[in-house]
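Let's take a walk through this structure together. Have a look at it first, and then we'll go through it piece by piece.

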Amino acid sequence: MAIADSPGARRAGGLAAVWIVITALLAFSPELGLAPSTSRQLVLVALLSLVVSGLNLSFGYAGELSFAQPAMYAVGAYTTVIVAMRWVNDIALVLVVAAAAGLLLGLVTGIPGLRLGGWMLAIASLYLVLLVPDIVSVAKAWTGGHQGIGGIPLPQLFGVELDNNGYVALVVVVTSAWFACFRNLVKSRAGKTLSVLRQSPVLASSLGISVFSTKLKAYAISGLPATMAGALFAYLDGFVAPDTFGVELAIVVLAASILGGARSVYGVFVGAALLQLGPMQSNTFGDYAFVAYGVFLIIAGVALQRGISGLAADLAGKVRARFGQAVVRPATHTAAPADAGRITGKQLTVSGISKRFGGVTALDDVSFSVQPGEVVALIGPNGSGKTTLLNIVSGYYRADRGTVHVGTTETTGLPPHKIARAGVARTFQTPSIPAMSVRDVVESARTEVTRVSIVEAMLRLPRHRRVAATDSGKVASVLSTVGLGDLANADAQTLPLGTRRMLELARSLAAEPGVLLLDEVASGLDDDELDELSRVIRAVRDGGGSVLLVEHNFALVRALADRVVVLSQGRVVVVEAPDVVAQHPEVLEHYLGEPATAASRAGTGGK
Amino acid sequence: MIATLLSGLALGGVYTLVAIGYNVVWLTTRAVNFAQGGFVVAGMFVTVTLYHRGVPVALIFLILAAAGAVLAAVEYSVGVRPVQRRGDHAELVTTVGALTVIQGVILLLVSQDVQRVKSLFPETFLDVPGGRITPAELALIILAVVAGLGAHAWTRHTRSGLAARGVSEDRETAMVLGVNTTRFSYLTFAASGALGFAVAPFVGPKVFAVVAMATVLSIKGFVVLAVGGLGNNLGALIGGLGVGFLELIVAWQFGTAWQNTAVFAVFIVVMLVRPRGIFGEVKERTV
């Protein structure tokens, strides 16, 4: 495969070259004649950028607001105080210890905070900042207490003492290296996973993504840059005091993040530089600082959702549109070959499932199975328990009695993401499509099929590249299966309903599912779209997939299903071939609501 | 021992009063108003100023309630209502913004200094076993119990309280059933602001008026709710008194530097063991 020659790879190579040149220029800027006062500002902007990038990762990308950054910054600074003054003064060692301490603190506060998310994490992390002075004063012998501690030696790197120029270079290199990792992480599949998670936790879990552990990882990593920045900061003046790490810093960091764009990489530098070189410089501003930050947060929270980087992106889009490089967005999809390839279907076995909601029996002793290479339709009037059953199979509800097996694996009572990992993929009655491109929507289903660790993604290790190549092949193939090949770059949320349903189907197929659950996938489709849908479902079945189809459209059921399970008031009325079901007296009475003589109409009518 | 207990309950009463303010707003808007602690502290500075001018006590309470109601309603209309349905946690940012503005205004208009708020009651001490407490502290405990039980009764037994719980369960259904949710949200915000400001003369003598106290009260009030169960006023009362008591016991046994850490530890443990809080309810997820 000619991956090295692809435009994407060439762009990435160019970006890396620019990155290295800028890093080198800034690292050697004191030697190139930058005044010491200016290089001090450079260091301060770099340190604030590191801190803000952590907030962008947890708030912008993972969607959980945390105020913990000043506490992480303090952990780093006091790591330097303790390690460098009492043990070994080596900045590399200090950075490693600080990063480890940051990860640990992230895990300890993230586990309870993220269990409930939202307000809980925000408060738990703000509380952490409140504790900094208390803990510093309790550990006065080590930290110097409220008064602060001075006499931190000049930094040494592997036994060589760094002068001011060396220190500036080190700060620039560490900042640059972290931002390269940060950029690689959010531009990899992990970034798309976080985006899905932020927009719909229900969807994420149906794709096999564990909401909790993914957020926890992002949150724990988000503490790394702040602790490293803190470790570097302690060497700047050789003095550390707890009032540096207060609630005010948390507000500044939040303001910088929102100003630059919380969901951006390069916006961090803009936000950090504006705050560092603007308000944090002047003393006259000091009196008005709180009012100004507060007003900014209110305005930004209401109106400035994507920050300066968002405005820049919008502007770039307009310029491109005006000068004729607009992204092509065909309105609808094109027909395509109906080949889903080989699919390893698994048997779905539902046995004796019962479920009550309060006094209402939603499901009563329901049993049936779906074999590989078979389409089974689940029909019944509204309220008969179809959706409840689907939600039990995919883990959103717990059954009161009975078991569900996928292949030989029992999935009863497992959380949704584990059931998805066992091979169950589903679509939703109302298509759940996050705001991203069609290609990314499909690719998000690959997260748990081929796994890549965060470190591999950050450092662009061989496995990351291999998996990225496999993914892009698979995504292209399922998009062409459902006939959306031409729309890969389109904005998924702007697609019409029928196309969104096909996109959901493509996403389910990309997960290489053992069992495919389709929840009223045909509703709202026109005749052409119905044909297209039938073609794809047949292709999946012929490829060996197991399909469970919850459907109201009896004509479609008749055309597609090998067997039909009829539910009424939570009980299975009959399991038979569609033609037999169409003649079944009880079905006609309970479900089609017509006397037996009208049997012939059932085959052509809607419901 | 009894003195420590009562002193702790009085401190806890402060947290309960903040937590009830949170609850009232949470029920109708599903937002936590971070500025709630700021209301109480702002109320303290207003109280100090009005005492100096010799304004009668009854009028002070009226002014406080009116100022708090207007301020909170403005906060809702500017910072909360526009982002309410967006679902991206923007209220977290805007209400922290509101808290920051309140703190900034106090810094600009008054000072950074700690101010003492004169008690409404005789400034004497009552002897109890193990020490002594002030009448103001006793009043604070009584006020917290009355407010907690009153707010609880409001949500259980009155038409508007039941409607508020209805809105919190399902905003759309409540609208269909004829609840004017927007007006209701304004009213509950105004009520929480009035409550926050009007309790200041009681709270002031206990905690001192200082800007940084705003963040502390906002955090502690919320911790109380996390422990007691968000939206539950009985939880706010028992959680508040419990947290205050814990702080005093820890301070007494190990020193004041440990009291925040101890509360934090309890907060973390409750979230791990019983994430919905002691009186909280659980719901099954739906697709």
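**A sheet and an interface**

In strand 12 of chain A, Val575(A) is the bridge partner of Val565(A). Strands here are DSSP runs (E, at least two residues), helices are DSSP runs too (H or I, at least four), and both are numbered from the N terminus. This is a predicted model, where local features need pLDDT of at least 70 and side-chain atom pairs count only at pLDDT 80 or more, while totals for chains, interfaces and linings use all residues. Residues are numbered from 1 along each chain as its sequence is written, with chains lettered from A and ligands numbered from 1 in the order in which they are written.

Two strands pair if DSSP finds at least two bridges between them. In the hairpin of these strands, 2 residues sit between them, and Gln569(A) takes a positive phi near 45 degrees.

Now zoom out. The open sheet has 6 strands in the order 8-9-10-5-11-12 (chain A), with mixed pairing. Strand 8 (424-426) and strand 12 of chain A are the edge strands, each pairing on one side only. Inside the sheet, Ala377(A) has Val564(A) as its bridge partner in strand 11 of chain A and Leu549(A) in strand 10 of chain A.

What about the other chain? In chain A, 39 residues are in contact with 39 residues of chain B (C-beta atoms, placed from the backbone, within 7 Å). Helix 5 of chain A gives the largest share of the side of chain A that touches chain B, 13 residues.

Definitions and conventions:
Two residues are in contact if their C-beta atoms, placed from the backbone, lie within 7 Å.
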